[in-house]
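Hello,

Here is the structure I promised to pass on. Have a look first, and my notes follow below.

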Amino acid sequence: MAEHDLIDDYLELLSRRIRLAPNERADVVAELRDHLLETAERLEAQGLDGRDAQLLAVGRLGDSDVLAGLYGRKRRVGRRAVAAALAAAALTVLGAGAVLAAAPLGNDHDLARELGFEPSDVQEPSRVEIRGVPLPQGVSADDVQFRVIGERMLILDGELWTVSRP
Amino acid sequence: MLLACLEDEPAHGYRIIELLRERSDGVFELAEGTIYPALRRLEGDGLVTSTWSSGPGDRRRRTYRLTTRGAAELAARQAEWKTFATAVTTVLGGETWPSTT
């Protein structure tokens with residue numbers, strides 16, 4: 001795979017959140033990079049295009065914030081709690097979408113901002129689609145061009161957006 | 001379960017996840033990332049050890065293997081599980097445990 005900018009963006013987000021000594025943090029990022037690249041390569045070999053392969057790889061790994069939080073924990077986190085947090089990450093944000101049902105939708109950027117997302121400073125243009133995430137009433141997947149890939153992350157017009165609200 | 005994946009040979013995280021998926025008949029539902037902090041804890045506990053090598057391209061690959069303590073721990077847990085499973089099976093089968101045959 002020639003480019004893996006989306007994976008790099010994800011690792012950048014993760015790296016910022018991880019609370020470990022710099023050398024340990026670098027090791028974690030290197031290991032996860034290997035994993036993500038291997039996943040994406042295999043998906044591409046199965047016929048996915050490069051960008052979708054990266055998206056799926058990142059989505060399967062899990063929300064970068066939650067994952068970062070699992071490092072440096074002294075006590076074990078219950079497996080159920082972890083699974084629930086990671087699996088539900090994509091749904092959490094758009095749960096807020098129910099409130100937006102009555103509000104007129106501008107473009108996708110407006111909707112993303114309504115949900116509390118702001119463009120992060122890592123950007124890469126490409127087109128992605130929303131999949132399997134509950135949408136506000138009256139909005140169909142064809143209308144929306146962003147994808148929630150974590151509790152604090154989504155992709156809109158190929159840009160990686162992160163939650164800015166407290 | 002992670003320890004069991006390393007029983008036959010050393011493996012890196014991706015391979016461990018593959019094994020977990022195969023062995024659990026696809027029931028493995030956790031986000032894949034969770035195994036990495038878990039492996040780190042196992043290493044901190046001295047049950048596995050890891051080595052770095054160069055992967056494809058400019059990648060660094062971390063491979064894990066069981067330590068002697070890890071192998072012993074795995075064996076102990078497997079024995080426990082077997083005892084438990086046998087007890088459940090015989091109870092469900094209507095026999096009392098231990099079965100007398």
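**What I found**

Leaving aside residues up to four places away in sequence, A:Leu32 touches A:Leu11, A:Leu14, A:Leu61, A:Leu67, A:Tyr71 and B:Tyr36 (contact means heavy atoms within 4.5 Å). This is a predicted model, where local features need pLDDT of at least 70, side-chain atom pairs count only at pLDDT 80 or more, and totals for chains, interfaces and linings use all residues. Residues are numbered from 1 along each chain as its sequence is written, chains are lettered from A and ligands numbered from 1 in the order written, and side-chain values use heavy atoms, without hydrogens and water.

A:Leu32 and B:Ile16 have the most contacts inside the largest nonpolar core, which has 41 residues. Such a core is a set of buried Ala, Val, Leu, Ile, Met, Phe, Trp, Tyr and Cys residues joined through side-chain atoms within 4.5 Å, buried being under 20% relative accessible area (1.4 Å probe, protein chains only). Its largest share, seven residues, comes from α2(A); helices are DSSP runs of H or I with at least four residues, strands runs of E with at least two, numbered from the N terminus.

In chain B, an open sheet of three strands has the order β1-β3-β2, with antiparallel pairing (strands pair if DSSP finds at least two bridges between them). β1 (11-12) and β2 (48-54) of chain B are at the edges with a single partner strand each, so one side of each has no neighbour in the sheet. Seven bridges join β2(B) to β3 (residues 60-66) of chain B, and B:Arg60 is the bridge partner of B:Ser54.

Best wishes

How values were computed
Buried < 20%, exposed > 50% of the residue type's maximum accessible area, 1.4 Å probe, protein only.
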